Amino acid sequence: NINGKNNHHRKHKTKSLEMVPSSPASSIDSSEDQVYKSVKCNDGSECPALNTCCLISDGSYACCPTPNGVCCNNNHCCTQGFHCGSGGNICIPGSKGFRF
C-alpha cells in the first residue's frame, strides 16, 4: 500500500508539552480535602498534583503537566514512555536516556 508507507512512524509521534514555571512552596492549595498533593521540586518549589518537576536551563524548575514526564531541554516535556526528538519539539515512543 503506497499510502501506508512511512505513516506508521508518523502517527505515533506526538507534539511535546509546554512546561509552566513551578510555584514557591505552599502557594499551591494543599487543603486536606484535596485528593492529590502537590509535587515538590528539588529546590523547594512546587508543581500541581500529577505534574513532573523539570530542571530547566536557567537553573530553576518548571512543571511538566503529566505524571512521570520526560523533561526535554527546551522547556518542553513528553509523557512517560516517550523521549524527546527534534530538539524537544516532538515526542517519540520509547525510552531514551539523557545525554549531557
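I began with glutamate 46, whose side chain makes a polar contact of 3.4 Å with the side chain of lysine 40. I am working from a predicted model here.

**Entry: around glutamate 46**

I looked for other partners and found serine 38, joined side chain to side chain with glutamate 46 by a polar contact of 3.4 Å. Next I checked where glutamate 46 sits: it belongs to strand 5, residues 46-47. Is glutamate 46 buried or exposed? I read a relative accessible area of 8%, and since buried means under 20%, glutamate 46 counts as buried.

I then traced an open sheet of 3 strands, which run in the order 3-7-6 with antiparallel pairing. I noted strand 3 (20-21) and strand 6 (52-55) as the edge strands, each pairing on one side only. As a reminder to myself, strands of a sheet pair through backbone hydrogen bonds. I counted 4 bridges between strand 6 and strand 7 (residues 61-64), in the antiparallel sense. For threonine 52, I found cysteine 64 as the bridge partner in strand 7.

**Entry: disulfides**

How many disulfides does the structure hold? I found 6. With the bonded cysteines of the protein chain numbered in sequence order, I wrote the pairing down as 1-3, 2-5, 4-7, 6-9, 8-11, 10-12.

I took cysteine 41 and cysteine 53 to begin with; their sulfur atoms are 2.0 Å apart. Why does this pair tie together parts that are 12 residues apart in sequence? Because cysteine 41 lies in the loop between strand 4 (39-40) and strand 5, while cysteine 53 lies in strand 6.

I noted -90 degrees about the S-S bond, left-handed, and both cysteine 47 and cysteine 63 as buried.

Then I moved on to cysteine 78 and cysteine 91, whose sulfur atoms are 2.1 Å apart. I placed cysteine 78 in strand 9 (residues 76-78) and cysteine 91 in strand 11 (residues 90-93), 13 residues apart. The torsion about their S-S bond is about -90 degrees, so I logged the disulfide as left-handed. I found cysteine 78 buried at a relative accessible area of 0%, and cysteine 91 buried at 2%.

Methods:
Residues are numbered from 1 along each chain as its sequence is written. This is a predicted model: local features need pLDDT of at least 70, side-chain atom pairs count only at pLDDT 80 or more; totals for chains, interfaces and linings use all residues. Side-chain values use heavy atoms; hydrogens and water are left out. Helices (H or I, at least four residues) and strands (E, at least two) are DSSP runs, numbered from the N terminus. Buried means under 20% relative accessible area, exposed over 50%, partly exposed in between (1.4 Å probe, protein chains only). A polar contact is a pair of N or O atoms within 3.5 Å; within protein, one must be able to donate a hydrogen and the other to accept it, and residues adjacent in sequence count only if both atoms are side-chain atoms. Two strands pair if DSSP finds at least two bridges between them. A disulfide is a pair of cysteine sulfur atoms within 2.5 Å.
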